[in-house]
Amino acid sequence: ALQPLYAAAHNTLGQTLVDLGEREAAVEAFRRALQIRPDAGGYQNLSVTLSQLGRTREAIAAARTGLRLAPDDLPLLVAMADAQASARQYGFALPFLRRALALRPDDPDLVGRLGHVLVNGGFLHEGVERLRAFYERSPDELSGRQTYIFALNYLAEAGAREMAAEAFRYGELLRRRIPPVTSHPNNPDPGRRLRVGFVSGDFENHPVARFLEPTCRAIDPAAFELFAYKTSLTADEMTARLQQLIPHWREVALTRDEALAQMIAADRIDILFDLSGFSTRSRLGVFARKPAPIAVTWLGYFATTGLSTIDYVLASPWVIPVGEEDQWIEKPWRLPETYLCFARPGVEVPVGPLPMLRNGFLTFGSASNVNKISDRTARCWGALLRAVPRSRLLLRSGTLGNPRVASELRARLEAAGVPGDRLTLEKPVVDYGAHLARYNEIDIALDPFPYAGATTTMEALWMGVPVLTLRGDRYVSHMGENIHHNVGLTDWIADDAGDYVRKATAFAADHEKLGALRDGLRARVEASPMMDAPRFARHFEAALREMWGIWCRDRAAQPG
């Protein structure tokens, strides 16, 4: 007020407002400072704050303006990369991170950011190799390690126990830094109403939310009081629907781990769910603090978190069969049929006739993430197209909008034996109805391995397209098996790559049987445990009640 043209004061006011959580007001303070004196630091502050608010287009514009003033400013380069990554424009983020690393080559935070952008941008192998080399030099570094461990799930050559060992290492590093709470004041009454919390950055149009919604809709509110801790800034119509189903809603994207753990403890949560694991926007630092008596990992990640403070992983007999428990630090809690439930899509898209009848050739297809197309998968699909004359392969994935990713995938598939003139690569459509309708161009869907599909498999089956899957050796490889056992498609589970090709060839040759299966598949799926939300909710509730009973008995057995 005394010196309204004092730029440093406006800038410091903005930083103070950020610390107070008043980011909208902070943006105006930063803009005022920049009007008085444009500089790199001010644009960096503005870009970071706009990114935190989810205003990525403005954040990119602010960073771009700042870089015109200071092309080699390290914080501005990072701010630009972060804004581009937040907008999922990973290809645009890469050059800024590479420039930043040229200035500071061994900065662990920058290496972690680069690994994240490479992996999520469709450059899996480069991202894994960069991170692996870094951790060989810096074995105790945590930055980027979540991305690295998640990425290992995609690699066919990564053994299940090797992956588990990496996660156990992560958990141990976290344990050394964060001491957990060792006692909880929760009332140990086994029959009372339980307070259940879900921590996730995917309470929006995302597979996690689409699988969570039917459970929340069917759960008994008289027995379970639900809380959501939303770790992302974005929201959509799915977010609004979940807010109607979950009465206690906490926006915690900008809340630090320690403060969030204190919030969860203050909410007296009895059972806390991690719905992210090592995926983006996870908050494993909160779970390391053990803010609730019981912690469970579910839905968002399909391997061990490595955290001994997470008690259980929610599973089924198919995704963690007997003999694979040593891949987990958490105790597998197997629901009797399926570990998830699929909701009827909110758009009406009819199942079309078998496309091969009008095309004169059979179309195989997959809408899986490009990272899931391992070299083993590519070779198998190449053998399959050679075995089925004139057949085509249609692939659709988010990162195929990047020409470099599409070009590299095409080259890799052609090298594996997929003829280029029989391969179609598509970037996805935004409209969900149009996405589902595209299955009317596919005769048989192909599940990649070792990272199998769940959402894509259920969507294909809903659209009448049977999915060929491969028997696996870990949770992430068993997801197709879980679905097929529950919908009665066990003959579509192949024992190995050779059996995969033989089965696909046989199914492709029987047009009448394939058409009949297509006509009745939606009804079969809808009548199965995969879409029976009340049935699933009863199994889910029984599991929570039994977990709670164990904790109550253990609490009663403690001395004093």
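Predicted model: local features only at pLDDT ≥ 70, side-chain atom pairs only at ≥ 80, totals over all residues.
By residue class, the lining of the second largest pocket consists of ten nonpolar, two polar and six charged residues.

The largest nonpolar core contains 193 residues, and the members that touch the most others are Phe198, Phe273, Trp298, Phe364, Tyr475 and Tyr500. The element that gives the most to this core is helix α23 (residues 533-557), with ten residues. For Tyr475, when neighbours within four places in sequence are set aside, the residues in contact include the aromatic side chains of Phe302, Trp328 and Tyr339. Val313, Leu314, Ala315, Val319 and Ile320 are also in contact with Tyr475, as are Glu324 and Gln327.

Helix α13 (residues 257-266) has Leu260, Ala261 and Ile264 among its residues, and these three are buried. Viewed down the axis of α13, the buried residues fall within an arc of 100° and therefore line one face of the helix. In general, an α-helix has 3.6 residues a turn, so residues three or four places apart point the same way. The buried residues of α13 pack against strands β1 (194-200), β2 (224-230) and β4 (271-274) and against helix α14 (284-288). On the face of α13 turned away from the buried side, Gln262 and Ala266 are exposed. Just after α13, Arg268 adopts a positive phi of about 55°.

How values were computed: Residues numbered from 1 in each chain as written. Heavy atoms only, no water. Nonpolar A, V, L, I, M, F, W, Y, C, P; charged D, E, K, R; others polar. Core = buried A, V, L, I, M, F, W, Y, C linked by side-chain atoms within 4.5 Å. Buried < 20%, exposed > 50% of the residue type's maximum accessible area, 1.4 Å probe, protein only. Helix = DSSP H or I, 4+ residues; strand = E, 2+ residues; numbered from the N terminus. Contact = heavy atoms within 4.5 Å. Arc of directions from axis to C-beta.
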